[in-house]
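Good morning, and thank you for the time on today's agenda.

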Amino acid sequence: MSDRFRITLGQLNPTVGDLTGNAALARKAWEAGRDAGADLVALPEMFITGYNAQDLVMRRAFQLDAARVVEELAVACSDGPALAVGAPWVEGTKLYNGYLILKGGKVASQMLKHHLPNETVFDEVRIFDSGPLGGPYSVGNARIGSPICEDAWHEDVAEMLVETGAEFLLVPNGSPYYRGKFDTRLNHMVARVVETELPLIYLNMVGGQDDQVFDGGSFALNPGGELAVQMPVLEEAITHVDLERTDAGWRVVPGERAPHPDAWEQDYHVMVQSLRDYCAKTGFGKVLLGLSGGVDSAIVAAIAVDALGAQNVRCVMLPSEYTSRESLEDAEAVAKALGCRYDNVPITQGRAAITDTLAPLFEGLEPGLAEENIQSRLRGLLLMAMSNKFGEMLLTTGNKSEVAVGYATIYGDMAGGYNPIKDLYKTRVFETCRWRNANHRSWMKGPEGAVMPARVIDKPPSAELRADQRDSDSLPDYPDLDAMLEILVDRAGSIEDCVAAGFLRDVAKKVEHLVYISEYKRFQSAPGARLTKGAFWLDRRYPIVNRWRDPS
Ligand SMILES: Nc1ncnc2c1ncn2[C@@H]1O[C@H](COP(=O)(O)OP(=O)(O)OC[C@H]2O[C@@H]([n+]3cccc(C(=O)O)c3)[C@H](O)[C@@H]2O)[C@@H](O)[C@H]1O
Ligand SMILES: Nc1ncnc2c1ncn2[C@@H]1O[C@H](COP(=O)(O)OP(=O)(O)OP(=O)(O)O)[C@@H](O)[C@H]1O
Ligand SMILES: NC(=O)CC[C@H](N)C(=O)O
C-alpha cells in the first residue's frame, strides 16, 4: 500500500450557467493533476453549475443538462485520477447540493450537503433538500470525508465522517468574501481538525458572481491546527497537495504558503475582480462613467481601469454652470493619470431646453430640488445614450454612505448597470484612494502612481447641483455619519447604541429615518461588490413601506 496521496486542488473561477465551460475548466485541472501523478483532483462546491445559481438550479431542464455534462466529464476523465466536483444531485423528487466523485467513467460516489445555509446571502433551504449524514468515500488507498462548505461550520457532519472511517477531510466551498472572513473560516476549520484529529483540506472557488466575490484562499491543516498549505487569495491556482501516511494517520506535507494581503488590499482587489468578472461574464468589454472631479467617480474610474484596462474605460465630464474650474481640472487630471479616454459634454444647453419646456407648468413656483435633479437626470440620459451607442456599460458611483441615506438622484446618477463601491463607506473611499495611489500590484491593469491627485481626495465633497453646495450642509460629517451607519446598518443596532457611542439622539434619528425612507431607491439601484456582512441587497432585506421607527 502506497504511503502517499496526492490531491490536486483547482481553485478556479466558474461561470454560473456555463455548464460546458465549467466542465472544461474541471478537465483542465484534472489534466494538470494527471500529469503531476495525482490520485484525486478536486474542484469546489457546485462547480459545474457555478455558484450561487439560485432558482436556476431548481429547473428540471437545467438539472438534466448538468447531469449530462457530469456524465460526459466522467467519461472524458475515466483514465487517470478520480475527479471530485460539486454539482446538483437529484433523487426522485429530492434535489441535493452534491459533491460527486467521478471514477472509471461514472459517478462512483456522492456526498450530499446536510447543513443548508440560510442567512446573509444564502437561501439554500428554499432550493435544496438536506442530505442525510453520511460516511466517507474511497479513492485509491484513502478514505475521504467531504463536508460541503456550511457542513464544515458545524460539528456533526465531520463527527459522523470520522466515526465511519474517514482518514482525512476535503471540504469543497462556495464561500464568498466579506472583510475578515478568512479568520472566521480558519477558526471553524481548526475546530474541526481539533475535534476529529484528522487533516483537513479547504478548497474555495474564486471569481465574481453578481454582487459576490469568491476569494479563494484555499488551505490545508494538520491535526492540532497547523497550517500546512495556503493558496493565494482572489487568484486562480492549481496546487498539488501531498499527504503522507504516518503511524498516527495521514499528514499533509507542508507546501506553498502564499501570503495574504491586508484588508485594504483585499477590498480593493474584490472591487476590481467583481467588476472584471461582471463584465466578462455578462459580455461587456467596455464601460463608461460620469467623471465629476470628485473622489467617488475618481475611485470608480481607477477600479474600472484596473479591471478592464484604460483603453476600455470612457470618462465623461458633463459640466453645468455650477461645475467649478477645479472640478474640470481634476476630472481631466484623473482621466489623464489613468490613461483613459476623456470626453467633455456640457449639459447647459440641454438643461435650458428642459427648463423652457417645463416653464409653463412650473410658472410661479420656486426653483428647487426638481431643477437641481434635472442636471443629474440629464447626465444619466446622455450617459445612457452613449452606453447604447458605443455598447459600453454605465457604472454608478454612489458609495455606501450615500446609498444608505438616499443621497443620489433616482433616474439620475443612479442610472447604470454596476456600482463597484456600493459597499464602501465614504471614509473608506478616501483611505482606499490613498492606498491605491501608494500601491501597485500585478493584477491591476492600470498604471502605477498617484492616479487620483491629492486635491481630488482632500477637497470637501459636493454634489455641485447648486452654488456653493456641500454634502455637509445636509448630512453629518462623513466620519460621524459612517460611524452611525455602521451601528444602524451593519450591526442592526439601535438609536440607544448610537447615543451610547456619543452621538446626539436627534442626529441618529435623522440618519435612521433617511435609511428607512431610501429603501425604495436601493430597490431600484444597480448591484455592486459585496465587501461586508452588512451589504445592501441580500444581507440586509427591509420592507419599502415601513412606518416603524426605533423608540429607544
Ligand atoms: N417610497 C417611495 N417610493 C417610490 N418613490 C418615492 C418614494 N419616496 C419618494 N419617491 C420619489 O422619489 C423622488 C425623490 O427622489 P430624488 O428625485 O432622487 O430626489 P431626492 O432624494 O429628494 O434628492 C436627491 C438628493 O441626493 C443629493 N444628490 C443628488 C445627486 C448626487 C448626489 C451625490 O452626492 O452623489 C447627491 C441631492 O443633493 C439630494 O439631496 C420623489 O420625487 C418621489 O416621487
Ligand atoms: N460634472 C459632472 N460630470 C460628469 N459626471 C458627473 C458630474 N457631476 C456629477 N456626476 C456624476 O454623478 C455622480 C454623483 O456626483 P456628485 O458630484 O453629485 O456627488 P459625489 O457623490 O460627491 O460624487 P463624486 O465624488 O464623484 O463627485 C458622480 O460620481 C458622477 O458620476
Ligand atoms: N456555500 C456555503 O455553504 C457557504 C456558507 C458558509 N458558511 C460560508 O459562507 O463560507
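A word on conventions: residues are numbered from 1 along each chain as its sequence is written, while chains are lettered from A and ligands numbered from 1 in the order in which they are written. This is a predicted model, in which local features need pLDDT of at least 70 and side-chain atom pairs count only at pLDDT 80 or more, whereas totals for chains, interfaces and linings use all residues.

Let me start with the domains. The domain assignment of the chain gives domain 1, residues 4–260, and domain 2, residues 264–466; such bounds come from an automatic or database domain assignment. Taken over C-alpha atoms, the centres of domain 1 and domain 2 are separated by 40 Å. Between them, 9 residues of domain 1 are in contact with 9 residues of domain 2, where contact requires C-beta atoms, placed from the backbone, to lie within 7 Å. On the domain 1 side, the elements that give two or more residues are β10 (206–209) and β11 (212–215). Helices and strands here are DSSP runs numbered from the N terminus, helices being H or I with at least four residues and strands E with at least two. That side of domain 1 has 4 nonpolar, 3 polar and 2 charged residues. In this classification, Ala, Val, Leu, Ile, Met, Phe, Trp, Tyr, Cys and Pro are nonpolar, Asp, Glu, Lys and Arg are charged, and the others, Gly among them, are polar.

The UniProt record, an unreviewed entry, places the feature "domain: CN hydrolase" at residues 5–245. UniProt positions are given in the numbering used here, feature names are shortened, and annotations may be inferred rather than shown by experiment. Over residues 5–245 the chain is 26% helix and 33% strand, with its end C-alpha atoms 8 Å apart.

Strand β14 (residues 237–246) pairs with strand β15 (residues 249–252) in the antiparallel sense over 4 bridges; pairing requires that DSSP find at least two bridges between the strands. A hairpin through 2 residues joins β14 to β15, and Arg245 has Trp250 in β15 as its bridge partner.

Now to the backbone. Most residues other than glycine have a negative phi, and most peptide bonds are trans. Which residues depart from this here? Met46, not a glycine, has a positive phi of about 50°, and Asp210, also not a glycine, has one of about 55°. Met46 is placed in the loop between β2 and α2, and Asp210 in the loop between β10 and β11. Met46 counts as buried because it has 29 C-beta neighbours inside 10 Å; the term buried requires 20 or more other C-beta atoms within 10 Å of the residue's own, these atoms being placed from the backbone, with exposed meaning 12 or fewer and partly exposed in between. Asp210 is buried as well, with 21 other C-beta atoms within 10 Å. A cis peptide bond, with omega about 10°, joins Tyr51 and Asn52. Asn52 lies in the loop between β2 (40–42) and α2 (60–76).

Finally, the ligands. Around ligand 1 there are 17 residues, the closest being Tyr407, Thr409, Ile410, Ala463 and Tyr520; a residue is near a molecule if its C-beta atom, placed from the backbone, lies within 6 Å of it. Of the 20 residues around ligand 2, Gly290, Ser292, Gly294, Ser297 and Ala463 come nearest.

Note on methods
Two residues are in contact if their C-beta atoms, placed from the backbone, lie within 7 Å.
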